[in-house]
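Visitor: I'm new to this one. Please pick a single part and take me through it closely, with whatever it leads on to.

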Amino acid sequence: MSPKRPSATPSAHPPAGQASPFDPALAQAGRVPTLVVLMGLLMVSSLPFVASLAQGRAQNVTQGVLSMCLTVFLLGMVWRGSVLAWRLTVGLAMVAGLLVFIVGMLTGTTAWQGWVVSGAGLVYLGLGTALVGTPSIRAFLDSRWAARRAARQAGGRA
């Protein structure tokens, strides 16, 4: 018989006296990584549009500009502490990453550019995972979420 280890399963909700299950000291350290991940998502999302403009193809300029503006808005909302925007960003990064990777693999059998596209899909997946799984980023976002929630509650009481 093996000795039983105490199970340390994390609860879905933090203890009553603690606002976040993450270390508050990490929150300040997570500022730069969060900004890097959000800027990376913006760059990967806008790269096809910017590349087509650089090559002189100006089709769908309105659609490209609108897409970039909406991306900037969504990522700005994540930076400001919107949980809904964070969830939407993570979901879109995962779905887009998977789809882009698969399309790249399908075209990679006939052209080398498919491997580049597959790489972009992996970048999407990596950045989306970083928003969820990096402790310093989560601590930073938790501090933003707590500040936003406190401001909303203070505004509701007045």
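Guide: Let's take helix 2: its 24 residues should span 34 Å at 1.5 Å a residue, and since its end C-alpha atoms are 32 Å apart, the two agree. (The expected span is 1.5 Å times one less than the number of residues; helices are DSSP runs of H or I, at least four residues long, and numbered from the N terminus.) Mind that this is a predicted model, where local features need pLDDT of at least 70 and side-chain atom pairs pLDDT 80 or more, while totals for chains, interfaces and linings use all residues. Residues are numbered from 1 along each chain as its sequence is written, and side-chain values use heavy atoms, without hydrogens and water.

Helix 2 has a kink to look for: at Leu 47 it bends by about 45 degrees, with Pro 48 following within four residues. (That's the angle between axes fitted to the seven residues ending there and the seven starting there.) Just past the helix, Gly 56 has a positive phi of about 90 degrees.

Leaving aside neighbours within four places in sequence, Val 37 is in contact (heavy atoms within 4.5 Å) with Leu 127, Ala 130, Leu 131 and Ile 137.

Aromatic rings pair if their centres lie within 6.5 Å: planes under 30 degrees apart are stacked, over 60 edge-to-face, the rest tilted. That rule gives two aromatic pairs. In one, Trp 79 and Phe 140 have ring centres 5.1 Å apart and planes at 40 degrees, so they're tilted. Trp 79 is in helix 3 and Phe 140 in helix 6, so this pair ties together parts 61 residues apart in sequence. The other is Trp 86 with Trp 145, edge-to-face at 5.1 Å and 65 degrees. It links helix 4 to helix 6, across 59 residues.

Terms used
Phe/Tyr/Trp six-rings, centres within 6.5 Å; stacked < 30°, edge-to-face > 60°. Helix = DSSP H or I, 4+ residues; strand = E, 2+ residues; numbered from the N terminus.
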